[in-house]
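Keep the sequence and the 3D view open beside you as you read.

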Amino acid sequence: MLEHHVMENGDTLKFAGREFRSRLIVGTGKFPDHRTMQQAHEASGAEMVTVAVRRVNLDRTQESLLDYIDTKRYALLPNTAGCYTADEAIKTAMLAREVGLSDMVKLEVIGDQRTLFPDNEELLKATKVLVKEGFVVLPYTNDDPVMAKKLEDAGAAVVMPLAAPIGSGLGIRNPHNIRIILEAARVPIIIDAGVGTASDASIAMELGCDGVLMNTAIACAKDPVAMAAAMRHAMIAGRLAYLAGRIPKKLYANASSPLEGMIE
């Protein structure tokens, strides 16, 4: 299988002492029902799923979204969605760890309710605090190379620049900035937000990104399970293309069959 080809040389996603064969991280929101979510997770091949701490029932005496996630199979990545200040995000991450979800956190600090763009000033502040508290921090940020470097220097285990606004499905709007971020990075770079279809995921991987996190593109597709499978294959194809090394782009034609040696 293609997965075996990608992994045969130890090509896995690694950070903070963790290792994942799949480079796809999937969400848990917006699915039509829990059964569809479970089937989509399985079809995606993902090994990590993200859960919005402020949107799940953490009282395990009552039914919760968490009841439909096999934590022996999937690593949980709690996220601080819905937080608009560093203090809110820090408290949310602390709560997730206290109830035993994980010491990893996808850190979101939103700065604008309409666009859902991050508040990078508050994000950096929260990152510094949580790193000191022993969290493995994966901050969601703008596609800003300067901020990506600051977050890395603050101790982020992974930096997660957006491809486009959350839920927009626009794909990677600024591949040039993503390339600059990748060139300077010493930690994994995982695209987060804005992916709409399989080709978007493949492009992210072809650029050299270490992974992609997505939710809306799968959960809100007409057939979430089929889209999850498509994303799985797109991630693998994109990674293989990146490792293979594409041909350079040229303005003029270059014959597939060279003229040298042809019989006249």
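In which strand is T141 found? T141 belongs to strand β7, residues 136–141. Helices (H or I, at least four residues) and strands (E, at least two) are DSSP runs, numbered from the N terminus. Before going further, please note that this is a predicted model, in which local features need pLDDT of at least 70, side-chain atom pairs count only at pLDDT 80 or more, and totals for chains, interfaces and linings use all residues. Residues are numbered from 1 along each chain as its sequence is written, and side-chain values use heavy atoms, with hydrogens and water left out.

T141 counts as buried because its relative accessibility is 0%. Here buried means under 20% relative accessible area, exposed means over 50%, and partly exposed lies in between (1.4 Å probe, protein chains only). The T141 side chain makes a polar contact with the side chain of N120, at 3.0 Å. A polar contact is a pair of N or O atoms within 3.5 Å; within protein, one must be able to donate a hydrogen and the other to accept it, and residues adjacent in sequence count only if both atoms are side-chain atoms. Leaving aside residues up to four places away in sequence, T141 touches P118, N120, L123, M147, L151, V159, M160, P161 and L162. Contact means heavy atoms within 4.5 Å.

F135 sits in the loop between α4 (120–132) and β7. With a relative accessible area of 5%, F135 is buried. Its contacts, not counting residues up to four places away in sequence, are A93, M94, R97, D103, V105 and L130.

Is strand β4 (residues 48–52) enclosed or open to the outside? Five of its five residues are buried, so β4 is largely enclosed by the rest of the structure. In a regular strand the side chains alternate between the two faces of the sheet. Both faces of β4 are covered: M48, T50 and A52 are buried on one side, and V49 and V51 are buried on the other.

Strand β3 (residues 24–26) runs parallel to β4 and is joined to it by two bridges; two strands pair if DSSP finds at least two bridges between them. V26 has V49 of β4 as its bridge partner. The chain passes from β3 through helix α2 (residues 34–44) to β4, in a right-handed β-α-β crossover. Right-handed means that, with the strands pointing away from the viewer, the path from the first strand over the helix to the second runs clockwise. β4 also pairs with strand β5 (residues 75–79), in the parallel sense and over five bridges. There, A52 has N79 as its bridge partner in β5.

N79 turns up again among the contacts of T92, a residue of helix α3 (residues 86–98). T92 also touches V53, R54, T80 and C83, again not counting residues up to four places away in sequence.

**Cores and cysteines**

The largest nonpolar core has 64 residues, and I69, L130, I191, V212, M214, I218 and M231 touch the most other members. Apart from it lies another core, of 14 residues, among them L77, L138, M160 and L213. A nonpolar core is a set of buried Ala, Val, Leu, Ile, Met, Phe, Trp, Tyr and Cys residues joined through side-chain atoms within 4.5 Å.

How many disulfides does a search of the whole structure find? It finds zero, with a disulfide taken as a pair of cysteine sulfur atoms within 2.5 Å.

**Accessibility at a glance**

| Residue | Relative accessibility | Class |
|---|---|---|
| C83 | 0% | buried |
| C209 | 0% | buried |
| T92 | 8% | buried |
| L116 | 26% | partly exposed |
| K30 | 51% | exposed |

K30 lies in the loop between β3 and α2, and its phi is near 75°, a positive value in a residue other than glycine. L116, in the loop between β6 (104–107) and α4, likewise has a positive phi, near 60°.

**Helix α7**

Seven of the ten residues of helix α7 (residues 198–207) are buried, so α7 is largely enclosed by the rest of the structure. Those buried residues are A198, D200, A201, S202, A204, M205 and L207. They pack against α6 (175–184), β9 (190–192), β10 (211–214) and α9 (224–244). Just after α7, G208 takes a positive phi of about 110°.
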